[in-house]
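Visitor: I would like to learn how to read a sheet and a ligand site. Could you walk me through this model?

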Amino acid sequence: HSARIAIDPSFTVGPVRRETFGSFVEHLGRCVYTGIYEPGHPSADAQGFRGDVLDLVKELGVSTVRYPGGNFVSGYKWEDGVGPAADRPVRYDLAWHSTETNAFGLNEFMAWTKASGTEAMMAVNLGTRGIQEALELLEYSNAPGGTALSELRRSHGVDEPHGITFWCLGNEMDGPWQLGHKTATEYGRLAAETARGMRQMFPELTLVACGSSSSNMPTFGEWERIVLTEAYDEVDLISAHAYYREENDLPSFLAAADDLDYFVASVAATADAVGAARKSPKKIGISFDEWNVWYHEEENPGIITGGEWPVAPRMEEDRYTVADAVVVGNLLISLLRNTDRVHSASQAQLVNAIAPIMTEPGGAAWRQTIFHPFALTSRFAAGRVLRVAIDSPSYENARFGSSELVDAVATHDADAGTMALFVVNRALDAATSIRLDATAFGDVSLVEALTFSNDDVHWRASEQDSTSVLPTPNPTAALADGALTIELPPVSWSMVRLT
Ligand code: AHR
């Protein structure tokens, strides 16, 4: 196969936003306990934060971290997780049928964001709770002192306010599985009133209303229309969640980013229609605050039922293939391409549960395949996102009908004089030769070309071997007369950097 790509520094979509490289820590399985937090682990600091995990989080290049859920937040009392450890109640977590010890809570999480150099995206419970509890959490977190709840925080040893500005108004309230699930009208009213109250305390917050849990939801589209009709003036962003898996159909799976593009376009059109009807100059952005590959494998225990309520069980610990990593790289390509509308995104999740980073209790931390495209894109996407013109052959697949074999996005940092191209080859059968026309950039040279692929596209990293398949220099890359040529192996993700 062959494809042509053209880029021009003046054809920009918008900024590369650091918020695109967010992640998610939920009280789910071992994401918190024996994930980011394990007192007594050989690498743990005095606060119980695993140092090996902190190092990997920094290497991954994570910006914001959503917390504490997820489905978990819809039954959570934030007060349970603050104050002296010995006084914290043990509770059932109904979302994941687990026991929550509350050893780790708000103040530990905020200390962890400092240690990891990340920024919090905090979710309030709008499932079993409402406006009052959201306001109390905000006061406890952000009031400097002199009020009951800010003084309570100070009595808990946290003198300075946390200053959390990024808030999710509940989680997946469109989902019948959600504790406190609501109709769009019920939720839209509650989101609007919660947002209004929160802004009465601190006007300068970024507030995210719940959108759809997937583009397959029967209420998709209508949900966004109704919620935004209620809450348009009060919120800044509407959320989107999407998970993909192979399901014995690799060609469709490899085109998962087509769904993400469709998702963004549909939500943007719906939001703009609501805005037009109310003659509002305001534009609602999208917070893609859960996205990833997720299998719900049978041999990998999902939701527990019955009389067992384990503490931090092994749950949703997907092991990712090379093909999964190609899809993750492609989803990042799509998120960047949509940077004019997607203002924030969170890969779900960070450690152990559907995660790029895995740990063993008391043992090692290691990188999954999906770690690599995330880390490289986060590190080298910079400046402005460029609109790329792609002339690619297409291929038939069951889910989308026809999809392009090649998908790509480019970023240009004019100040640094650097450019990065992120590109996937979705072909199963053969390599694709790419010709990238970069003549509009003048005199450029090749910095590096890395490719992630493997003959066995279902190879998975493990604790024993997480390094035998890594992104490696692509020796076919060559630059002549402003045109780059490169061979992309089948089912591959690549990054090319020019200067
Ligand atoms: O990320 C795992 C779960 O997926 C989250 O708790 C929920 O919001 C979504 O359904």
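Guide: Gladly! Strands are DSSP runs of E with at least two residues, numbered from the N terminus, and two strands pair if DSSP finds at least two bridges between them. This is a predicted model, where local features need pLDDT of at least 70, side-chain atom pairs count only at pLDDT 80 or more, and totals for chains, interfaces and linings use all residues. Residues are numbered from 1 along each chain as its sequence is written, and side-chain values use heavy atoms, leaving out hydrogens and water.

Visitor: In what order do the five strands of the open sheet lie?

Guide: Strands of a sheet pair through backbone hydrogen bonds, either parallel or antiparallel. Here the order is β16-β1-β21-β25-β24, with mixed pairing. At the edges, β16 (389-391) and β24 (478-480) each pair on one side only.

Visitor: How many bridges join β24 to β25?

Guide: Three, and β24 runs antiparallel to β25 (residues 483-488). Across this pair, Leu479 stands opposite Leu484.

Visitor: Now the ligand: which residues surround it?

Guide: We count a residue as near if one of its heavy atoms lies within 4 Å of the molecule. The surrounding residues include Phe24, Trp96, Tyr243, Trp294 and Ile354.

Definitions and conventions
Helix = DSSP H or I, 4+ residues; strand = E, 2+ residues; numbered from the N terminus.
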